[in-house]
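Let's walk through this model together, one question at a time. Have the sequence and the structure open as you read.

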Amino acid sequence: MTIHFHKTYQTPADIVALLQSRGLNIDNPKRAEHYIRSIGYYRFSAYLYPLLQMPKEAHQYKVGSTFQDALNLYRFDKKLRLFLFNEIEKVEIALRSALANIAAEETGNIFWMTDVSMFANEDKFNRTMTLVDKELTNSKEDFILHFKKKYSNTYPPAWMLMEILPLGIVTRIYENIKSNALKKKISGYFNLPVPMFISWLTVITLTRNSCCHHSRVWNKMYAVNPKVAKKKLKRPWISEEVSPYRTFYEICIIKWFVDIVSPNNDMKIHLQELLADFPMIDIKAMGFPTN
């Protein structure tokens, strides 16, 4: 059964007083009000939640918990998003290039992305094309405007279209490719079998979206369960049981792709530096195994 939403608006000063009444230590109430006004209490409350005693529903904070503890979590999460997005950018660019160019090379069809004969499910193709048409119509990219002005083709070649499509649409296009041999050729570039490639590509897309929309990532429980390798992979992978729902697993997936795209990368070093800057962060909550 549902109930009517009964909560009312509270000012930052009201919220600070409420947090103090629940046992949260706030040395500088005016400073706390400023952060709540700037960040928004609803967003910030996600970083206060780990500080609550059990049961969480009692809304009482653990002894010694401070507003600064939550602010440290918030700042760490922000830097973690920037770190992840920077690494995902490398992966995303490589994914787009591989998909557009490998398929064009193998088929000899530079317009394969808009050719219905290339795809297994025509209904899925048509739904995807609706999204493609929307992106193409709304695009203000110079290269798209130039193509429309100079050429009579309805659609640009694959490598142009790939630059303006959201990563989620790119994943849909790959999933619907009819030729299993072509799908294996593309996933093989990243040393993965097709099902795992699709699964991990979905994880990267969701993580990217979380970073773009400034959503919490540091201790998030992901709804999508990435496929776990049932046999030895072609490259080094996690050697012990870890939760596939946690941030550590997402980071490892990104690292897998980064190691292929940029073999001499410094991703691990940057992660270690970030964790060293925030020694108060409980990395177990992120799914990191011991040591």
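Q: Which residues lie nearest the centre of the largest pocket?

A: This is a predicted model, where local features need pLDDT of at least 70, side-chain atom pairs count only at pLDDT 80 or more, and totals for chains, interfaces and linings use all residues. Residues are numbered from 1 along each chain as its sequence is written, and side-chain values use heavy atoms, leaving out hydrogens and water. A pocket is an open set of points on a 1 Å grid over the protein atoms alone, where a 1.4 Å probe fits, with protein on both sides within 12 Å along at least five of seven lines; lining residues have an atom within 4 Å of a point. Of the 21 lining residues, those nearest the centre are Lys-7, Arg-22, Tyr-41, Tyr-42 and Ser-45.

Q: Which helix gives the most to the lining of the largest pocket?

A: Helices here are DSSP runs (H or I, at least four residues), numbered from the N terminus. Both α1 (12-21) and α3 (41-48) supply at least two residues of this lining. The top contributor, with four residues, is α3.

Q: How many residues does α11 give to the lining of the second largest pocket?

A: This pocket is lined by 18 residues, with Ile-238, Phe-248, Cys-252, Lys-255 and Lys-268 nearest its centre. Helices α11 (247-261) and α12 (267-277) each supply at least two of the lining residues. The helix that gives the most is α11, and its share is six residues.

Q: Why do the buried residues of α12 line one face of the helix?

A: Buried means under 20% relative accessible area, exposed over 50% and partly exposed in between, with a 1.4 Å probe and protein chains only. The buried residues of α12 include Met-267, Leu-271, Leu-274 and Leu-275. They line one face because, seen down the helix axis and judged by directions from that axis to the C-beta atoms, the buried residues of α12 fall within an arc of 95°.

Q: Which helices do the buried residues of α12 pack against?

A: On the other side of α12, Ala-276 and Asp-277 are exposed. Contact means heavy atoms within 4.5 Å. The buried residues of α12 pack against α4 and α11.
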